[in-house]
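Me: Could you give me a close look at a single part of this model? Please spell out the cut-offs as you go.

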Amino acid sequence: MKKKFFLVPLLLGFTALGLSASPISPERLDALLEAGWTEARPGVMQRILDNGTVETLGYGEDGLRFRLTEMKEHLAFLKKELARQPSTELRKAIRSYQAEIRRVQKSLQTGGSGSLASSAEGLVAGTGCTANYDGIASVLPLTKGASAEADAYFENGCGYTGEVYAHAYAKATSVANEVVTMTLSDPGPNLTRVGANVAASATVTVNGVKDCYAYSYASVTSYDLALTYSVSATNSTCPQQTTFRGTPFTVPGMIKAADFDNGGEGIAYHEATPSSGQVYRSTGMDLYEDNVLWLEPGEWLEYTIDVVTPGTYSVIAQVSAAGVAGGPFHIELDGVNVTGPLTIPAMPTWGDWSSITKEGVSFPAGRHVLRMVADSGFSGFYSLRIVPALSPFGGTPRALPGSFYAADFDEGGEQMAYHDTTAGCDGSCGHRLADVDRWEGIVFRTRTGEWMKYTVNVTTAGTYNLVLRVAAQSGGALFHVEFDGVNVTGPLTMPTTGAWENFQTLTKTGVSLTAGRKVMRVVIDDGHGNYDAGSFEKITLQP
């Protein structure tokens, strides 16, 4: 509960009042005015809080009549909504309002059980019992809709009669003009000696929200005291979630983690401990340059995507966990978990990246919202790739015997066609789009555990020489070459050539291959402690 209003001090200002409206005593009026209340009409004081919530305090017969007017206005609104969008919830809410109106009308007809003055005096001179009441009304814009909540509360130590009432209504419309509404009323029990507490909440969501509306209302009425307190809140502002770069990411393709949608906390992302001072973009998320760091359980980021070619893809997340294994995390498409829990292996620092792959994820055509959710904490998040099955660069397998550039590794992205332990591409990054460090057709700055795949076609079975053009400022690194997962070279040692661009020829003889289409893989086994294990320029298979 946000606040409590005690009847004893409140009513002392009204001791000269009966059931009809009369001027409030100057002292009580000053106190109410200082608290931000104004006399909206006879028998009704009102104020608007900073968050837009409206509080209304009615006293005497005029106050109860105003409550009756409020209820009739709410009833008319719901009837119009029912005509536009019939629903069981709206019909129930209408019946609830009608019953509440009848109760107020009956109270006005009977005049209550006593005067306000005598009731107030009884609070002081009688048994010393006290009563207090409270109401909360709140509305919240959601990523895909709106939510409303109302809570009415009466702590009753005096045995008064009366009512507590709560109502919440929410509505959202999609860009396709789909309308979703939800309404919930709780008329509650009659006030008892103990008191009563009722609550109502309504939440609606749609995909592609166009407009929304949320309304909540809570009231506490004491017919004995001819006093009513109500609180209401309205929000007709939809959340605005837009793409960071002006257009959605396309699928298949790559999504940079720090390029999550605009819209802010609770709409485009959730950050448990907001930070500031980022250079890449202004946001509450923890960023270092274009890396999202230090994700905590429950945090998430959203990305608007356009699926150009529908189908089944592999989702590859480039993430890091320093020191100990991280996650799990998962990926959602339009609110549906499409990956299940994914765990990140431990690496020395947050800058050492792992690529976690989930294959067989279906992406239907059209616009969607992708969400990355941290179910448990981990160090870093750099990118998501949504890629099709492995395919040769340029569309055609490399013909062997023959030669090709080391940078002609397959399409399919990180962990499918290659694995690179550093985020992004370092170097000139020409020749093609990929996050392998390279200078035009040369792959360089390789590290332990990295690899590249090449789809090839061996035209004739036989025994061949595998010739590689390699370079390293400091040699000693170990690597090997596989065909269809079989190591055909054993460990090869990178020579010392004095510079990354000073290439030498390294030949492995006696490589036996059968004819047909195969996947060749070059694997860095041990960088020998060097920053750069070595460079690869060309790969040749010759008789």
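Reply: Strands are DSSP runs of E with at least two residues, numbered from the N terminus. The model is predicted, so local features need pLDDT of at least 70 and side-chain atom pairs 80 or more, while totals for linings use all residues. Residues are numbered from 1 along each chain, and side-chain values use heavy atoms, without hydrogens or water.

Strands β13 (253-256) and β24 (378-387) each supply at least two lining residues, and β24 gives the most, with three. By class, 10 lining residues are nonpolar, three polar and six charged.

Now for some charge pairs. The whole structure has 15 salt bridges (Lys or Arg side-chain nitrogen within 4 Å of an Asp or Glu carboxyl oxygen). One of them joins Glu411 and Arg432, with the closest N and O atoms 3.3 Å apart. Glu411 sits in the loop between β26 (402-405) and β27 (418-419), and Arg432 in the loop between β27 and β28 (438-439), so the pair ties together parts 21 residues apart in sequence. Arg432 is buried at 9% relative accessible area (under 20%; exposed is over 50%, partly exposed in between, 1.4 Å probe, protein chains only). Glu411 is partly exposed at 33%. Another bridge pairs Arg245 with Asp259 at 2.9 Å between the closest N and O atoms. Here Arg245 is exposed at 53%, whereas Asp259 is buried at 3%.

Note on methods. Helices (H or I, at least four residues) and strands (E, at least two) are DSSP runs, numbered from the N terminus. Ala, Val, Leu, Ile, Met, Phe, Trp, Tyr, Cys and Pro count as nonpolar, Asp, Glu, Lys and Arg as charged, and the others, Gly among them, as polar.
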